[in-house]
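I open the notebook on this model.

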Amino acid sequence: MKPLQITLWFCLLSALPLRAAVTDAFVRQTDLKTGQVYDIPYTTPGGPYTSPLPVSEDGAKFELFARGTAWDTNIYLLDTKLIYAYGPTARLSITTEDPYVFGDSAGGTYVKRTRSDRPFTITTTVSGLVSSSDASAAEKSVYYEVRAMNYDPVTYSSLNMPTSLLHAYNLGNGELTWGPVYHELASPTLMSGCGQQTYTCVQYAADNVPDTILAQPTVQIWPVATANIDKITSGQVFIDRIPTITFAMAHLYPDSRTYAQIYPGPAVLGKVGTLITGTERRYGSYYNPNQGVTPTNVPQDVQIAIDNISAYASADGIYTLEVITETPFFNRTGERLLKITFEVDRVISSRGALSTGEKPAQ
Amino acid sequence: MTTSPSLVTLLFHAFVFIAAFLGIGSITPCMLGEPTTQGSNRAPTAGANRQGATRDVIDEESLRALASKASQQAATHGSKTQPLDAPRPSTESSLLTSSILISDGDKFTIVPIGSVLHLPTNLRSRVIARPQGDILMWPDFLQKNTAWITAKEVPLPVSRGEMKAPAALIREFSNEVRIVVAVYHGCPITMLEPASNNAPQTPKAADRR
């Protein structure tokens with residue numbers, strides 16, 4: 001037996017931001033013949049990894065595991081490398097409109113994200129398989145499946161949530177592009193989809209090599225944001241001071257800027273009005289460039305009470321109130337979540353105080 | 001005496017000046033108690049850095065139509081795949097099934113199955129079946145819990161079952177009151193039984209399941 005010294009390249013650079021000083025990952029080396037397991041704590045964020053344990057001619061499996069960041073205490077398989085005489089390779093690429101990626105997208109296991117109304121594309125690339133008729137299943141194909149998991153719609157947590165199988169195939173050599181596709185989560189509506197879809201490519205067990213995950217990326221799907229305003233409806237006429245209203249904004253995308261604006265006149269798409277002070281919310285590093293750390297990676301729900309809407313509608317007339325959100329989608333241009341057009345007519349109020357509330361006949 | 005009103009007036013004017021300097025025009029109820037860690041409430045300037053909305057957010061009916069069309073197209077990809085003619089392989093990581101979890105009541109660590117050389121009876125409850133609490137990687141966990149867990153460096157041929165463990169090594173941990181984990185170059189490693197002929201080797205350590 002001729003032992004080999006193996007240097008592998010695992011990249012944790014983006015997987016473990018700002019946690020370089022803490023040992024949050026380890027490489028598990030499993031000898032394919034004996035099953036002997038060796039755990040090596042991994043502290044360097046990225047770069048080559050040299051196994052101190054020789055690799056036998058039968059080969060070895062290397063798995064990179066890491067703890068999640070911050071409150072996420074789950075342990076994730078970030079990458080797998082097989083050092084083996086024969087072995088297929090598989091690469092799964094997920095393309096979304098959000099540049100966010102958790103983990104190393106060049107590796108096999110990472111997380112991307114999108115919104116439930118936006119399409120995304122998966123590309124599977126497999127090589128190293130053989131096509132001879134006497135080849136075993138492990139030599140001719142790799143297993144590919146898609147699983148869905150709904151998150152808790154209130155906490156956005158994946159903790160203890162079950163998964164369901166959406167699709168399962170065998171793949172041969174070559175590249176396949178699946179998409180653009182939309183999410184397939186079991187949600188009450190497509191727009192409220194909240195969960196993840198995980199794409200897994202597995203090498204079938206053969207010759208002492210157990211079933212081995214070759215790639216396992218995930219795409220998180222967050223719901224489309226919603227906005228509601230109480231105590232004010234479209235077409236409503238205010239003859240006195242507008243009461244305190246509450247903006248209820250739900251599922252604000254973790255990379256977003258959302259605000260309410262008001263302008264005189266009926267609703268006009270694209271019109272820039274006056275931003276209502278206190279309604280603006282910014283999430284994610286793009287909209288908070290000076291914060292240094294991304295403050296959230298799940299959607300946000302907020303309720304904002306505004307008691308001085310009348311200050312923005314001092315003159316009698318028609319006004320439109322809008323809630324607009326900007327996200328990585330549509331090149332970060334604004335999407336209108338809500339529009340309400342109302343009227344302020346205080347003249348009627350003063351007349352009504354003198355006589356009746358009815359408008360005079362034309 | 002008319003000194004106190006002037007002091008109050010000065011303080012008030014100082015507050016107004018500082019507030020104006022910081023751009024605090026008015027304090028409205030909505031500005032109190034707002035999140036400071038999750039979202040930021042920038043002092044907005046009307047129209048600044050905004051271009052209005054370019055579109056209305058999509059409605060459910062339109063989205064269903066788009067998704068249905070995309071789904072039909074995606075279905076054609078199934079014809080480019082191969083039939084499933086073998087049992088589905090496991091897509092779960094084997095981490096838990098190939099590991100021993102050791103807990104200090106607050107945090108736990110992971111070591112390879114077969115790496116626990118010695119497990120005193122009174123410490124058996126430290127070995128847990130499922131993760132409890134946060135994980136602490138081996139070197140940090142060992143450093144934190146040296147009172148009841150220790151590591152024993154073993155030669156590689158011994159760990160692979162290619163050579164019998166020296167008697168001194170066995171004596172050393174047989175009287176140990178702490179949990180003993182086999183390590184090679186400081187990292188936990190499975191201890192294998194010596195292979196007889198071509199029989200597969202198995203873990204021989206105290207944690208064998």
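The expected span of a helix is 1.5 Å times one less than its number of residues. I note first that the model is predicted.

**Helix α2, chain B.** I checked the length of helix α2 (residues 60-75) of chain B. Its 16 residues should span 22 Å at 1.5 Å a residue, and its end C-alpha atoms are 22 Å apart, so the two agree. Then I asked how many of the 16 residues of α2(B) are buried. The count is 1, so I call this helix hardly covered, a residue being buried if 20 or more other C-beta atoms lie within 10 Å of its own.

**Confidence.** I looked up the scores of the model: ipTM is 0.79 and pTM is 0.73. Chain B averages a pLDDT of 74, and 69% of its residues score at least 70. Where in chain B is confidence lowest, and where highest? It is lowest in helix α1 (residues 4-22), with a mean of 40, and highest in strand β2 (residues 99-103), at 95. Over residues 1-47 of chain B, pLDDT stays under 50. The model has 36 contacts beyond four places in sequence for that stretch.

**Sheet, chain A.** I traced an open sheet of 4 strands in chain A, in the order β3-β2-β5-β6, with antiparallel pairing. Its edge strands are β3 (37-42) and β6 (75-83), each pairing on one side only. From one strand to the next, the twist averages 20°. Inside chain A, I followed β2 (residues 25-31) and β5 (residues 60-67): they pair in the antiparallel sense over 7 bridges. I picked out A:Val27, and its bridge partner in β5(A) is A:Leu64.

Methods. Residues are numbered from 1 along each chain as its sequence is written. Chains are lettered from A and ligands numbered from 1 in the order in which they are written. This is a predicted model: local features need pLDDT of at least 70, side-chain atom pairs count only at pLDDT 80 or more; totals for chains, interfaces and linings use all residues. Helices (H or I, at least four residues) and strands (E, at least two) are DSSP runs, numbered from the N terminus. A residue is buried if 20 or more other C-beta atoms lie within 10 Å of its own, exposed if 12 or fewer, and partly exposed in between; C-beta atoms are placed from the backbone. pLDDT is the predictor's confidence in each residue, from 0 to 100. Two residues are in contact if their C-beta atoms, placed from the backbone, lie within 7 Å. Two strands pair if DSSP finds at least two bridges between them. Axes are lines fitted to C-alpha atoms, for helices over the stretch in contact, and angles run from 0 to 180 degrees between N-to-C directions.
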